[in-house]
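Trainee: Hi! I'm new to this one, could you walk me through it?
Mentor: Happy to. Let's bring it up and take it piece by piece.

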Amino acid sequence: MQYWKKLTKSEIKQRVDAALSQNVDYHERTILGIPASHLDENVFNMDTGYLNNAPFLKAMIDNPNHIGCHTMGESEPFFAGTQKLEEELISIVAEDILKCPHGEYDGYVASGGTEANIQAIWIYRNQFKKLFDAKYDEMCILCTEDSHYSMPKAGNVLNLDVKYVPVADDTREIIPDALDQVIEAAKIEGKKYFIVVANMMTTMFGSVDSVNTYTDALTDANVKFKVHLDGAYGGFVYPFSTDNDEMTFQNPMVSSVTLDAHKMVQAPFGTGIFIARKGLIDNVFTDEAQYVSGLDATLIGSRSGANAIAVWMILQTYGPHDWFEKIHILNYRTTWLCNQLKEMKVDFYRHPSSNIVAIRGKHIKPELARKFGLVPDSHNKKPNWYKIVLMEHVHIDHLMPFVDELKESLWI
Ligand SMILES: *Cc1c(COP(=O)(O)O)cnc(C)c1O
């Protein structure tokens, strides 16, 4: 672990205070040229006594703007202090969690997983265009039918077709023959460039795609491709619950990764994380962003520095070992639930490294789903699956009443 160490509350407070003090202070210095300021004092409580023990709220009040990407070139000098903390956060995620070689990456805190996925697809679209003069209708996004809807959203925004690979109904794994057929059909349509988005835990099932299945098939098909990993849900889970390096930067086939700190990390919304191998992000520089120091290679533009600080604070509070333990506790609870379901002969899907359990719809009465807040795979038609996500607040004591009621409803 290069960057990631457990820090005490007072160490964290000191680091955040020091970072904020290196940002511009609108009260101390006359700053005339930027359309930014601290939060409105007429509305928000600026009482220093209370803010002094709440570094995140203090950062919110100071309201630094983290516009741009801070792992490269210059950045806005007004917010250099807290942008440094974001750079450190990106280092923790890229090097310590995703095993990228030192400094060989760029990344930033995006608005969410949706933005980070679009950012990745945008980069590869432009790279294929730049390197091979590829036309948009010669490219496509390749993902599975369990992939998140941000892929068709990205296809729509970026003017790219999306090709879906079927997965097996019980294992949620890519069917290799079906993948070959999808690639073949796409080639016949004129597709030569494939942007793969592989799932590092899907939203509905927690299932994990095999990167090798994709890369073997595309290599055999003799087409150009790039691989992005969608770890919006699983990015802070899977790397801690598996020994497999296929879904890290140790795998040379992996070019970029999305993670969401506002899911499992319980950070404020607006904390997607995008990481790509160094240089790739240069494909989406907006040269016209001349008023931004260092230009802008992100999709979002202005964004909250306090959000980046919140994620940094959470990871530093745990450190790598406590985080590992936390994930394993959640997986222990998941296993407990799965054992109960097995005993009742209820069909379900669970990936062994995951804290999501999807139960076949046939076992679940709608009243039971409503009462316990289970989420269906579809709100429009009769659900095939309902999922339970073993979050921090979902203890075995909360699962027990559900298991009891499920047992009763099965016997009717
Ligand atoms: C949640 C999720 C997303 C989208 O993330 P947002 O933060 O809601 O934009 C993308 N992919 C997967 C797998 C997800 O679970």
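Trainee: Which residues make the nonpolar surface patch of about 240 Å²?
Mentor: Y50, L57 and M60 make that patch. Keep in mind as we go that this is a predicted model.

Trainee: What does K58 pair with in a salt bridge?
Mentor: The side chain of K58 meets that of D17, at 2.9 Å from N to O. This pair links distant parts of the chain: K58 is in helix 3 and D17 is in helix 1 (residues 9-21), 41 residues apart. K58 is partly exposed at 22% relative accessibility, and D17 is partly exposed with a relative accessible area of 21%.

Trainee: How can side chains pair like that in general?
Mentor: Side chains of opposite charge can pair when their charged atoms come close.

Trainee: And how many salt bridges does the structure hold?
Mentor: The structure holds 19. Another one joins R172 and D146, with the closest N and O atoms 3.0 Å apart. R172 sits in the loop between strand 3 and helix 7, while D146 sits in the loop between strand 2 and helix 6 (150-158), and the two are 26 residues apart.

Trainee: Are R172 and D146 buried or exposed?
Mentor: R172 is buried, with a relative accessible area of 8%. D146 counts as buried too, at 12% relative accessibility. Both belong to a network of salt bridges that links D146, D169, R172 and R360.

Trainee: What about E392, which residue does E392 form a salt bridge with?
Mentor: E392 forms one with K326, and the closest N and O atoms are 2.6 Å apart. E392 lies in the loop between strand 11 (385-389) and helix 12 (396-411), and K326 lies in helix 10 (residues 305-343), so the pair ties together parts that are 66 residues apart in sequence. E392 is partly exposed at 32% relative accessible area, whereas K326 is buried at 7%.

Trainee: Switching topic: how many residues of strand 2 are buried?
Mentor: 6 of the 6 are buried, so strand 2 is largely enclosed by the rest of the structure. M139, I141 and C143 are on one side and C140, L142 and T144 on the other, so to picture it, both faces are covered.

Trainee: Which strands does strand 2 pair with, and in what sense?
Mentor: Strand 2 pairs with strand 4 in the parallel sense over 4 bridges, and C140 stands opposite F194 there. Strand 2 also pairs with strand 3 in the parallel sense, over 5 bridges, with I141 standing opposite V162.

Trainee: Which residues are buried in helix 8?
Mentor: In helix 8 (residues 211-220), V211, Y214, T215, A217 and L218 are buried. Seen down the helix axis, these buried residues fall within an arc of 165 degrees, so they line one face.

Trainee: Why would residues a few places apart point the same way?
Mentor: An α-helix has 3.6 residues a turn, so residues three or four places apart point the same way.

Trainee: And what do the buried residues of helix 8 pack against?
Mentor: They pack against strand 2 (139-144), strand 3 (161-165), helix 7 (176-188), strand 4 (193-199) and strand 5 (224-231). Just after helix 8, N222 takes a positive phi of about 60 degrees.

How values were computed. Residues are numbered from 1 along each chain as its sequence is written. This is a predicted model: local features need pLDDT of at least 70, side-chain atom pairs count only at pLDDT 80 or more; totals for chains, interfaces and linings use all residues. Side-chain values use heavy atoms; hydrogens and water are left out. Buried means under 20% relative accessible area, exposed over 50%, partly exposed in between (1.4 Å probe, protein chains only). The arc is that of the directions from the helix axis to the C-beta atoms. Contact means heavy atoms within 4.5 Å. Patches are made of residues with over 30% relative accessible area and no salt bridge: like charges are joined within 9 Å, nonpolar side chains (Val, Leu, Ile, Met, Phe, Trp, Tyr) within 5 Å. Accessible areas come from the Shrake-Rupley method with a 1.4 Å probe; for residues, only the protein chains shown count as cover. A salt bridge is a side-chain nitrogen of Lys or Arg within 4 Å of a carboxyl oxygen of Asp or Glu. Two strands pair if DSSP finds at least two bridges between them.
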